[in-house]
Amino acid sequence: MKYVDEFRYPHFITRAAAEIRRLAEPSRHYRIMEVCGGHTHAIYRFGLKDLLPSNIELVHGPGCPVCVLPMGRIDDGLAITEQSGAVFTAFGDMMRVPGTHGSPFESKARGRDVRVVYSPLDALKLAQTNPDKHIMFFAIGFETTAPSTALTLMRARAGGVRNFSVFCNHVTIIPAIRAILDSPDMRLDAFIGPGHVSTVIGCRPYQWIAKTENKPIVISGFEPLDLLQSIVMILRQLREGRAEVENQYDRVVPWEGNRAALKAMAEVFQLRPYFEWRGLGFISQSALSIHEAYADWDAERLFQVPGVRVTDPKAAQCGEVLKGVLRPHQCKLFGRECTPEQPVGALMVSSEGACAAYHSYAHRKAATSWS
Amino acid sequence: MGVEVHGRGETKGCGSCSDAAVPVRVLEVNGSQAVVEDRFGRRSEVAVDFVPEARPGDVLLTHLGVAIGQARETHEIRG
């Protein structure tokens, strides 16, 4: 399958890195934000920062849905299951995210019925095979994940499965980018756009970034060569004074996105007036709730939601890291009180979180090189 | 670090991360489900509701058991 391996060939990677060095003007400092957590993870995993000149700074964006979920939503989800006796199901990544009274796994240790599922469709199957239990799926993710939740709800309704519901925490990427650009302490030159989100939403929704904000954005794949090629394309735009939406990942991302997935999302979801993002605060029209037509499967309508609001620990500087103002290791807690084994801040919980990725790769590398 | 996901053709990565998706080749289509194989030869079943034109031999991008797009194999590597 010509899809992955070709984008890891050392020869092409060396060539792309040389082109980056040629295009980067020594007198200029470039700040490029990779929006998505998958890119952050790939940058550290493949050591791509080591291939870049020191005046190209990659700023980590808000694209890890586990990281930006406020702690209060985890408390709400667990409270629903504790009050109602419903089975709490979620992806494995969610299970170690701490709420006020512990994570879903800790809730399981206290006797609650908490189960990991690989897909929302698996949670639906669980409901079909356990008609005496109510299965609640804790939905999280951007536009790549939202279609699978939409499909699950469509199948639940079509199959008349009434012992299943979704606690919806899906968020949308464009308002988050807008919030970052509106942040007064943020200076960015360009964006590396999310690859798989764009498979669903296409390239058109990013056009305002180029036209109104006058910043290049290149939709990128996740292999080392993908990311380096995207940086080459950004540097060429900046050098030529252009600001456009370009698609490096055109082997996967169609300009118009996936119409069938967008149609399903439009049928099942509606925009919330506002939603809280951990580290970024309330952002208007940045998240999805379940449409009234699917009210019978909406956990927020079926059960009483406490609506817990929890302030992050003051010492944790997740917000500054999320906005790219601080590097992960510049947070006061990084690597001491806050580690992947004992996360305090959300960015340390998920492997795609900027702090966890930095800790797993760059931090370890630094420790090795000192020894 | 988040629990890493294996199986169903997924490589390592955060399952809920919206940008974790993997390419698979279609072996067989049965209505809205398809049997697919990843590049390591692991087989699984995925929903193809969002890629209704999928045929055996096609490469799909899958996310959490659902195909979200069709991938084009590339012979062109841009430098």
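**From one loop to the packed helices**

A: At 56% relative accessibility, A:Asn214 counts as exposed (exposed means over 50% relative accessible area, buried under 20%, partly exposed in between, with a 1.4 Å probe and protein chains only). This is a predicted model, where local features need pLDDT of at least 70, side-chain atom pairs count only at pLDDT 80 or more, and totals for chains, interfaces and linings use all residues. Residues are numbered from 1 along each chain as its sequence is written, chains are lettered from A and ligands numbered from 1 in the order written, and side-chain values use heavy atoms, leaving out hydrogens and water.

A:Asn214 sits in the loop between helix 10 (207-211) and strand 8 (217-219) of chain A. Helices (H or I, at least four residues) and strands (E, at least two) are DSSP runs, numbered from the N terminus. The phi of A:Asn214 is positive, about 60°, although A:Asn214 is not a glycine.

B:Leu64 is not a glycine either, and its phi is positive, near 55°. B:Leu64 lies in the loop between strand 4 (59-63) and strand 5 (66-71) of chain B. Is B:Leu64 buried or exposed? B:Leu64 has a relative accessible area of 2%, so it is buried. Chain B has 0 helices and 5 strands. Of its 79 residues, 53% are buried.

Helix 7 (residues 146-158) packs with helix 6 (residues 120-129) of chain A at an angle of about 25°, with the axes 8 Å apart. Axes are lines fitted to C-alpha atoms, for helices over the stretch in contact, and angles run from 0 to 180 degrees between N-to-C directions. The angle therefore makes helix 6 of chain A roughly parallel to helix 7 of chain A. The cut-offs are under 35 degrees for roughly parallel, over 145 for roughly antiparallel, 65 to 115 for roughly perpendicular, and oblique for the rest.

Helix 6 of chain A passes helix 7 of chain A in a right-handed crossing. A crossing is right-handed if the near helix is turned clockwise from the far one by less than a right angle, and left-handed if anticlockwise. From helix 6 of chain A come A:Pro120, A:Leu121 and A:Leu124. They meet A:Ser148, A:Thr149, A:Leu151, A:Thr152, A:Arg155 and A:Ala156 of helix 7 of chain A. By class, that contact holds 5 nonpolar, 3 polar and 1 charged residues. Here Ala, Val, Leu, Ile, Met, Phe, Trp, Tyr, Cys and Pro count as nonpolar, Asp, Glu, Lys and Arg as charged, and the others, Gly among them, as polar.

Helix 7 of chain A also packs with helix 12 (residues 259-268) of chain A, at about 60° with axes 9 Å apart. That makes helix 7 of chain A oblique to helix 12 of chain A. Their crossing is left-handed. In helix 7 of chain A, the residues involved are A:Ala146, A:Pro147, A:Ala150, A:Leu153, A:Met154 and A:Arg157. In helix 12 of chain A, they are A:Ala261, A:Ala264, A:Met265, A:Glu267 and A:Val268. This contact has 9 nonpolar, no polar and 2 charged residues.

Several of these names come back around A:Phe164. Leaving out residues up to four places away in sequence, A:Phe164 touches residues including A:Pro120, A:Leu124, A:Thr152, A:Leu153 and A:Ala156 (contact means heavy atoms within 4.5 Å). A:Phe164 and A:Tyr206 have the most contacts inside the largest nonpolar core, which has 111 residues. Such a core is a set of buried Ala, Val, Leu, Ile, Met, Phe, Trp, Tyr and Cys residues joined through side-chain atoms within 4.5 Å.

A:Leu288 lies in strand 13 (residues 288-290) of chain A. At 7% relative accessibility, A:Leu288 is buried. Its contacts beyond four places in sequence include A:Ala146, A:Met265 and A:Thr172. A:Thr172 is in the loop between strand 6 (164-170) and helix 8 (173-182) of chain A. A:Thr172 is buried too, with a relative accessible area of 9%. Among its other contacts are A:Phe142, A:Glu143 and A:Trp277.
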